[in-house]
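Hello,

Could you take a look at the structure below when you have a moment?

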Amino acid sequence: MRRTILLSGILTAFVWPVCAQAAIVYEVIDLGTDISPEQFVNIIKEHKPKLIGMSALLSTTMRSMKDTVEAIEKEGLRDQVKIMIGGAPVTQKFADEIGADGYAPDAASAVDIAKTVLGAA
C-alpha cells in the first residue's frame, strides 16, 4: 500500500531521505515553502493524501500552520487527512493548541511519528 504525504518547509529535505532509508513505501510530494492555506486545501483535494507535514523555522511563520489547519477544517477535509508539524520554534504544546495530530522535534523522529499517526507502527 502506498501512502501519500504532502510536505512543506525545510523539513522535507530531511524527511524524504530518512523515509527512503527506512524502506517505507510512501509517496512524498514536496510542496516547497510558503504554501498558503488555500493551496494546501486545493492540493489535498487533488492528491487526497493521508498525511500532511508542515515545518517552521521562525516563530513568525507558525501562525500559518494554525491558519492551514483551520482552512482544512472549514473545507470539511479534516477527517480525511492527518496533520504533523515540526521545526525549531514548534512544540508539542503548540501542536495540541492548533489541533495537529503529531509533532516531531526532528526528521528522524518524524518518520516514527508519521507511522504512529497513520497507524502503521
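Let me start with a pair inside one helix: Glu-70 and Lys-66 sit four residues apart in helix α3, so about one helical turn separates them. An α-helix has 3.6 residues a turn, so residues three or four places apart point the same way. Glu-70 and Lys-66 form a salt bridge, with 2.4 Å between the closest N and O atoms. By salt bridge I mean a side-chain nitrogen of Lys or Arg within 4 Å of a carboxyl oxygen of Asp or Glu. Glu-70 is partly exposed at 35% relative accessibility, and Lys-66 is also partly exposed, at 28%. For these labels, buried means under 20% relative accessible area, exposed means over 50%, and partly exposed is in between (1.4 Å probe, protein chains only).

A word on the ground rules. This is a predicted model, in which local features need pLDDT of at least 70 and side-chain atom pairs count only at pLDDT 80 or more, while totals for chains, interfaces and linings use all residues. Residues are numbered from 1 along each chain as its sequence is written, and side-chain values use heavy atoms, with hydrogens and water left out.

**The chain as a whole**

The protein chain has five helices and five strands. Helices (H or I, at least four residues) and strands (E, at least two) are DSSP runs, numbered from the N terminus. Read from the N terminus on, the order of elements is β-α-β-α-β-α-β-α-β-α. Of the 121 residues in the protein chain, 48% count as buried. Contact here means heavy atoms within 4.5 Å. If you take contacts between residues at least 6 apart in sequence, 60% of them join residues at least 24 apart.

**Where α2 meets α3**

How do α2 and α3 cross? The axes of helix α2 (residues 37-47) and helix α3 (residues 62-74) come within 8 Å, at a crossing angle of roughly 45°. That angle makes α2 oblique to α3. Axes are lines fitted to C-alpha atoms, for helices over the stretch in contact, and angles run from 0 to 180 degrees between N-to-C directions. Angles under 35 degrees count as roughly parallel, over 145 as roughly antiparallel, 65 to 115 as roughly perpendicular, and the rest as oblique.

On the α2 side of the contact are Pro-37, Phe-40, Val-41 and Ile-44, which meet Ser-64, Asp-67, Thr-68, Ala-71 and Ile-72 of α3. The residues of this contact divide into six nonpolar, two polar and one charged. The buried residues of α2 are Pro-37, Phe-40, Val-41, Ile-43 and Ile-44.

The structure holds five salt bridges. One of them joins Lys-45 to Glu-75, with the closest N and O atoms 3.0 Å apart. This pair links distant parts of the chain, as Lys-45 is in helix α2 and Glu-75 is in the loop between α3 and β4 (82-86), 30 residues apart. Lys-45 is partly exposed at 40% relative accessible area, and Glu-75 is partly exposed, also at 40%.

Another salt bridge pairs Asp-101 with Arg-78, at 2.8 Å between the closest N and O atoms. Asp-101 lies in the loop between α4 (92-98) and β5 (102-104) and Arg-78 in the loop between α3 and β4, so the pair ties together parts that are 23 residues apart in sequence. Asp-101 is partly exposed at 33%, whereas Arg-78 is buried at 15%.

**Two residues that meet Met-62**

Phe-94 is found in helix α4 and is buried, at 13% relative accessible area. Leaving out residues up to four places away in sequence, Phe-94 touches Met-62, Met-65 and Ile-85. The C-alpha atoms of Phe-94 and Met-62 are 8.9 Å apart, across 32 residues of chain.

Pro-89 sits in the loop between β4 and α4 and is partly exposed, at 25%. Beyond its neighbours within four places in sequence, Pro-89 contacts Ala-56, Leu-57, Leu-58, Ser-59 and Met-62. Between Pro-89 and Met-62, 27 residues apart along the chain, the C-alpha separation is 8.0 Å.

Best wishes

Notes
Nonpolar A, V, L, I, M, F, W, Y, C, P; charged D, E, K, R; others polar.
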